[in-house]
Amino acid sequence: MSRRSGILEFAVLGLLRESPMHGYELRKRLNTSLGVFRAFSYGTLYPCLKTLVANGWLMEEPAPDAETAPLTGRRAKIVYRLTAEGKEHFEQLLSQTGPDAYEDETFAARFAFFGQTSRDVRMRVLEGRRSRLEERLEKMRISLARTRERLDDYTLELQRHGMESVEREVRWLNELIESERAGRDLKGSAPGEPASRDTTSGASGGLPRPGGDPRPDTPDDTAT
């Protein structure tokens, strides 16, 4: 399984832990709450759902209005529900704090579900991400110092922009880590409790939507 497929499975399990959904609802939540999934299609989502069902982590149920579907000539919607085994598997994934948890491709998805993650795991992931970025920043500074004289003004400015972006994220991580150490969650939860959900983003502890609203989706009431 590719890393991207693993991230998608993680995000689907996390969203379905909140409530059962059909395919279109899932795709909309993934698009609006997790920017990393904006470009993926139904052709990516449904094989993932089928795999999770086959593994026993999800179950398929007819939607509440399924009885009316024949009257409209449409196929009945299928609702996906997290099983007990799926919940246990997701909790195992949440507890992982190895390098994969703070790589570029996975950190945003992990952070979006910090509201369901214990404080000690959040700390390890945040500190791991900060350490990784500090290493990257040092390499960027060394590289810039070595090549500065050979770069034209625009390439030099691009390199500076990249460094500034990493520096901003390091400062942001420092603030988050300080809040965690002080026992403060983003929504003011009591020490030792999971962070409160960020209801403004549509996902548990979700990230703000980068770059404004995503392009609109076309509803697909025939999702199965």
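A: Buried means under 20% relative accessible area and exposed means over 50%, with partly exposed in between, using a 1.4 Å probe and protein chains only. This is a predicted model, in which local features need pLDDT of at least 70 and side-chain atom pairs count only at pLDDT 80 or more, while totals for chains, interfaces and linings use all residues. Residues are numbered from 1 along each chain as its sequence is written, and side-chain values use heavy atoms, with hydrogens and water left out.

Q: OK, so is D104 buried, exposed or partly exposed?
A: D104 counts as partly exposed, because its relative accessibility is 44%. D104 lies in helix α6; helices (H or I, at least four residues) and strands (E, at least two) are DSSP runs, numbered from the N terminus.

Q: And which residues is D104 in contact with, leaving aside its neighbours within four places in sequence?
A: With those neighbours set aside, D104 is in contact with R129 and R136, where contact means heavy atoms within 4.5 Å.

Q: What joins the side chains of D104 and R129?
A: The side chains of D104 and R129 are joined by a polar contact of 2.7 Å. A polar contact is a pair of N or O atoms within 3.5 Å; within protein, one must be able to donate a hydrogen and the other to accept it, and residues adjacent in sequence count only if both atoms are side-chain atoms. As for R132, its C-alpha atom is separated by 9.7 Å from that of D104, and the two residues are 28 apart along the chain.

Q: Switching topic: how many helices and strands are in the chain?
A: The chain has eight helices and three strands, and along the sequence they follow the pattern α-β-α-α-β-α-β-α-α-α-α.

Q: What order do the strands have in the sheet?
A: The three strands form an open sheet in the order β1-β3-β2, with antiparallel pairing, where two strands pair if DSSP finds at least two bridges between them. The edge strands, each pairing on one side only, are β1 (21-22) and β2 (58-62). Strand β3 (residues 78-82) is joined to β1 by two bridges and to β2 by five; M21 has Y80 as its bridge partner in β3, while E61 has V79.

Q: Is β3 mostly covered or exposed?
A: Strand β3 is mostly covered, with four of its five residues buried.

Q: Then which residues touch the most other members of the largest nonpolar core?
A: Those are V12, L13, L16, L26, L49, L58 and F113, in a core of 27 residues. A nonpolar core is a set of buried Ala, Val, Leu, Ile, Met, Phe, Trp, Tyr and Cys residues joined through side-chain atoms within 4.5 Å. Helix α1 gives the most to this core, with eight residues. Setting aside neighbours within four places in sequence, L49 is in contact with V12, L26, L58 and Y80.

Q: Last one: where does the pLDDT stay under 50?
A: That applies to residues 188-224, for which the model has 88 contacts beyond four places in sequence; pLDDT is the predictor's confidence in each residue, from 0 to 100. The chain has a mean pLDDT of 79, with 71% of its residues at 70 or more.
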